[in-house]
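Here is a briefing on one protein structure. Look at the model first, then read the points below.

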Amino acid sequence: MEKLYIVIPCYNEEEVLDKTKTELKKKMNTLIQNKKIDKQSKVIFVNDGSKDKTWDLIQQFYQVDKLFGGINLSRNRGHQNALLAGLLTVKDDADIVISMDADLQDDIDAIDLMIEKRKEGADVVYGVRNSRKKDSFFKRTTAQGFYRVMKMLGVDVIYNHADYRLTSRRVLDSLKDYREVNLFLRGIFPLIGFKSDIVYYERKERFAGKSKYPLKKMLNFAWDGITSFSVKPIRLVLNVGVVILFLSFLMILYSVIQKVLGNTVDGWTFIVCSLWLLGGIQMLSLGIIGEYIGKIYSETKARPRYLVTDYLVSKN
């Protein structure tokens with residue numbers, strides 16, 4: 001039997017933690033009783049610089065029940081960094097690790113299926129949503145559009161997979177060698193390789209608290225994913241530049257002909273529109289290139305992606 005650690009990033013989750021703790025305790029006890037996992041398996045909550053009582057609750061859970069543990073980060077570092085901190089901190093204590101969100105929208109019964117896939121030899125098991133029927137039309141459309149764009153740009157991502165997955169220790173040993181500051185774990189795990197499999201589940205409604213991924217954060221996350229794993233936007237800028245250069249030669253020829261014919265006044269509107277169009281494309285191109293330069297700047301500084309101040313776990 002393998003030792004399972006469940007890693008859960010938390011940011012201002014005091015409203016949901018007690019319910020989450022209760023449900024996961026039932027699930028872990030059942031798995032231990034059925035001898036599917038080792039009795040020293042744990043549930044580890046990662047406090048990502050919460051401003052509420054999240055860390056206080058995690059400490060209480062640890063003191064009352066050694067099934068639970070906690071990792072406290074020095075400050076808020078964002079969901080991906082908090083998740084990475086949890087995975088890399090527990091990797092030497094666990095045989096397999098499952099990551100999931102604190103709101104229990106990910107069906108915990110899928111854990112049984114993940115463990116079965118692991119026993120069949122999979123090093124990574126992705127939890128994938130059956131559908132997005134419960135999402136709003138806008139969220140469903142933008143999410144599907146994001147996955148299509150990622151595929152078009154050559155990024156290997158699992159469709160409808162978030163961060164609900166099982167990973168083995170050797171996968172996490174490889175993950176530590178991926179040192180980029182701009183994290184997009186959904187793209188990194190397929191890059192690592194090893195044998196993988198998929199389990200499907202129905203995503204539930206959030207039972208309490210608010211989503212930590214409003215529209216602005218979702219868009220930023222999607223853009224990070226695109227720019228962290230593909231240079232095609234820059235190549236697109238180059239291609240657009242070549243097309244515009246060709247059109248510019250045609251415009252020069254057109255302008256000369258109009259000058260010879262004495263029709264320069266009539267072309268004023270066209271010239272103004274062209275200037276606005278070219279100016280807008282230039283600004284857009286500079287913005288895309290600047291985004292990549294900014295990421296290079298962040299990577300070259302090589303600052304720590306997170307700092308752990310406390311790691312509460314019982315080894316018994």
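Asp112 is buried, with a relative accessible area of 18%. Buried means under 20% relative accessible area, exposed means over 50%, and partly exposed lies in between (1.4 Å probe, protein chains only). This is a predicted model, in which local features need pLDDT of at least 70 and side-chain atom pairs count only at pLDDT 80 or more, while totals for chains, interfaces and linings use all residues. Residues are numbered from 1 along each chain as its sequence is written, and side-chain values use heavy atoms, with hydrogens and water left out.

**Salt bridges**

- Asp112 forms a salt bridge with the side chain of Lys36 (3.7 Å, N to O). A salt bridge is a side-chain nitrogen of Lys or Arg within 4 Å of a carboxyl oxygen of Asp or Glu.
- Lys36 lies in the loop between helix 1 and strand 2, and Asp112 lies in helix 4, so this pair ties together parts that are 76 residues apart in sequence. Helices (H or I, at least four residues) and strands (E, at least two) are DSSP runs, numbered from the N terminus.
- Lys36 is partly exposed, at 23% relative accessible area.
- Asp95 and Arg169 form a salt bridge, with their closest N and O atoms 3.5 Å apart. Asp95 sits in the loop between helix 3 (79-90) and strand 4, and Arg169 sits in helix 6 (residues 169-175), so the pair ties together parts 74 residues apart in sequence.
- Asp95 is partly exposed at 26%, and Arg169 is partly exposed at 33%.
- Lys117 and Asp197 also meet through their side chains in a salt bridge (3.7 Å, N to O). Lys117 belongs to helix 4 and Asp197 to strand 7, so parts 80 residues apart in sequence are tied together.
- Lys117 counts as partly exposed, at 24% relative accessibility. Asp197 is partly exposed too, with a value of 26%.

**Helix 4**

- Ala110, Ile111, Asp112, Met114, Ile115 and Arg118 are buried in this helix.
- An α-helix has 3.6 residues a turn, so residues three or four places apart point the same way.
- The cover over the buried residues of helix 4 includes strand 1, helix 1, strand 4, strand 5 (124-129), strand 6 and strand 7.
- Ile111 is in contact (heavy atoms within 4.5 Å) with Leu4, Ile6, Lys27, Leu31, Ile98 and Tyr164, leaving aside neighbours within four places in sequence.
- Gly121 follows helix 4, and its phi is positive, near 115 degrees.

**Nonpolar cores**

- The largest nonpolar core has 34 residues. Such a core is a set of buried Ala, Val, Leu, Ile, Met, Phe, Trp, Tyr and Cys residues joined through side-chain atoms within 4.5 Å.
- Leu4, Ile6, Ile8, Phe45 and Ile111 have the most contacts inside this core.
- Helix 1 gives the largest share of this core, five residues.
- A second, separate core has 29 residues, including Val7, Leu84, Ala94 and Val97.

**Strand 6**

- Seven of the eight residues of strand 6 are buried, so the strand is largely enclosed by the rest of the structure.
- Strand 4 and strand 6 run antiparallel, joined by four bridges. Two strands pair if DSSP finds at least two bridges between them.
- Ser99 stands opposite Arg165 of strand 6.
- Strand 5 also pairs with strand 6 in the antiparallel sense, over four bridges. Val124 stands opposite Thr167 of strand 6.
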